[in-house]
Amino acid sequence: MSDLISLVKRIYQIFSPPTQPKSIAEESSNLRPIRFGILGAANIAPSALIIPAKSHPEVIVYAVAARDQEKAEQFARKHGISKVYSGSDGYQQLLDDPDIDAVYNPLPNKLHFEWTMKALLAGKHVLCEKPIADTADEARQMFNLAEKKGLVLLESFHYRFHPAIQRVKTILDSGELGKIKSIDAKLCLCAGLVKDSDIRFDLNLGGGAAMDLGCYTLNSIRYLTSSNPTSVISATPHPLKSANVLETKIDRAMNATLELPNNVIATLEVDLAMPWEFFPPKPVKIWIEVKCEGGQVELMNFVGPTFWHTLKVTNKAGETVTTRTEKVYKFADAHIDNGAEHPKNSSLGEDWWLTYRYQLEALVDRLRNRTPQTWVTREDSVDNMEWIEKIYEKAGIGSRPKADYELPAE
Ligand SMILES: NC(=O)C1=CN([C@@H]2O[C@H](COP(=O)(O)OP(=O)(O)OC[C@H]3O[C@@H](n4cnc5c(N)ncnc54)[C@H](OP(=O)(O)O)[C@@H]3O)[C@@H](O)[C@H]2O)C=CC1
Ligand SMILES: O=C1OC[C@@H](O)[C@H](O)[C@H]1O
């Protein structure tokens, strides 16, 4: 019962977060809030930035650009955004706005490269949606430019900032369960949640399940094992409806098996339209299971742990098998459990903080030259793209088409 009450309370607070006064908002102060601009009136923008910004005292979502003027204005009105850009030049006008410090790029995957490059050229820090680009080569160019310009570029692997996944990593790294033997990551959404017309099913927008969902599962495998795969043993793409996947090159679902150092085997299963299972009803399958020599750890709902998650640890090392479950909504819990270091200047979080709110905390810490609790590095993003491409190659449908954009000559 108390779990249910906490769940309802968390959900209420997620969507009605205590709004923080932007107390350090004085224009004269060098600590004026960081002004974000959003490229596109994207479906994900409210969860990923607008709601988290409400409870962050140092962030203002200041502008949005959308191709259609009415859509842009409506979005701005709904979310209390003061500046609106629209039309065919709207995205660029937003980038040229000198009052904007950082840009959130939630455009379709294929456009991540072009608009992140343009944002960096305009001198803005960028939070770019996952997967960061269509190819590893593009990701490399994006980070090269960010570094050259002295700007921050972060791929929005929001789940990495939540204490639940970090607790799993701490358990594995502690040696409590011995060496990792295998890891299995699943992220499947039932049919009907993603429409056939969605950007995720458009090859020319960087679509495909391995791009959209596989990037998370692959990232979690690499993160938890602290390694890159050594090979893709197998990769099987599944078509949308009765299409020929080798012709459309759009994977509605992907199953892949990877080899990692020290004989670790990883499997990933992702699906944008999983056939319905009614008994019991299973609208999503989202979990990670890591088997070790002395036990195993499972995390259910690793991408949305704030709503609900189960972290189950089975220890088979002693004479008896012991099982425990943990709930890790904020870093305070992690402190008590494992004494992990947490930067003194970074917040421990709240149990209602979404993964995106933890991510925003880290991004702002980085922008303010404070130490973020954790980070997704350049190498991490580039390597992830590299192995997504390798999975596509093994699956026989190839990387997603490169962006139609070239950096202007200097
Ligand atoms: N981190 C996370 O949890 C999530 C991340 N994502 C990522 O965010 C990105 C956007 O996803 P989502 O919000 O679902 O996407 P949407 O379908 O809402 O599209 C995002 C925006 O893309 C713009 N756009 C620009 N060009 C095109 C085009 N040719 N066709 C269609 N749209 C175009 C539209 O902008 P305009 O308003 O100007 O028309 C639209 O608002 C993806 O990269 C996805 O992987 C998505 C969901 C969750
Ligand atoms: O978190 C997510 O869940 C649903 C997906 O389709 C989306 O793109 C992803 O980022």
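**Entry 1**

How many residues of domain 1 are in contact with domain 2, and how many of domain 2 take part? I keep in mind that this is a predicted model. I found 31 residues of domain 1 touching 26 residues of domain 2. For the bounds, I noted 15-157 for domain 1 and 159-395 for domain 2. I also looked up the C-alpha centres of the two domains, which are 25 Å apart.

Next I asked which elements give two or more residues to the side of domain 1 that touches domain 2. My list reads helix H2 (45-54), strand S5 (125-128), helix H6 (136-149) and S6. H2 gives the most to that side, with five residues. Sorting that side of domain 1 by class, I got 18 nonpolar, seven polar and six charged residues.

**Entry 1: what the record says**

**Entry 2: the parallel sheet**

I traced an open sheet of six strands, ordered S3-S2-S1-S4-S5-S6, with parallel pairing. Strand S3 (83-86) and strand S6 (153-155) are the edges; each has a single partner strand, so one side of each has no neighbour in the sheet. Ignoring direction, neighbouring strands here are turned by 20° against each other on average.

I then followed one pair: S2 (residues 59-66) and S3 are joined in the parallel sense over four bridges. In this pair, Ala 66 stands opposite Ser 86 in S3.

**Entry 3: ligand 1**

I counted 22 residues around ligand 1, and Ala 66 is among the closest, along with Gly 40, Ala 42, Asn 43 and Ile 44. So which domains does this shell draw on? Domain 1 and domain 2 each supply at least three residues. By class, I have eleven nonpolar, five polar and six charged residues in the shell.

**Entry 4: the mixed sheet**

My other open sheet has eight strands in the order S8-S9-S10-S7-S11-S12-S13-S14, and the pairing is mixed. The edges are strand S8 (231-238) and strand S14 (322-326); each pairs with a single strand, so one side of each is left without a neighbour in the sheet. From one strand to the next, the twist averages 10°.

As an example pair I picked S12 (residues 295-300) and S13 (residues 310-315), which run antiparallel and are joined by six bridges. Met 300 stands opposite Thr 310 in S13.

Which strands does helix H9 (residues 214-225) touch as it packs on the sheet? I found strand S7 (180-190), strand S9 (253-260), strand S10 (264-274) and strand S11 (284-292). The direction of H9 makes about 160° with that of S7. Helix H13 (residues 378-395) lies across S8 and S9, and I noted about 65° between H13 and S8.

**Entry 5: ligand 2**

Last stop: I found Arg 200, Asp 212, Leu 213 and Val 303 around ligand 2. That shell splits into two nonpolar and two charged residues, with no polar ones.

Conventions
Residues are numbered from 1 along each chain as its sequence is written. Chains are lettered from A and ligands numbered from 1 in the order in which they are written. This is a predicted model: local features need pLDDT of at least 70, side-chain atom pairs count only at pLDDT 80 or more; totals for chains, interfaces and linings use all residues. A residue is near a molecule or strand if its C-beta atom, placed from the backbone, lies within 6 Å of it. Ala, Val, Leu, Ile, Met, Phe, Trp, Tyr, Cys and Pro count as nonpolar, Asp, Glu, Lys and Arg as charged, and the others, Gly among them, as polar. Domain bounds come from an automatic or database domain assignment. Two strands pair if DSSP finds at least two bridges between them. Axes are lines fitted to C-alpha atoms, for helices over the stretch in contact, and angles run from 0 to 180 degrees between N-to-C directions. Two residues are in contact if their C-beta atoms, placed from the backbone, lie within 7 Å.
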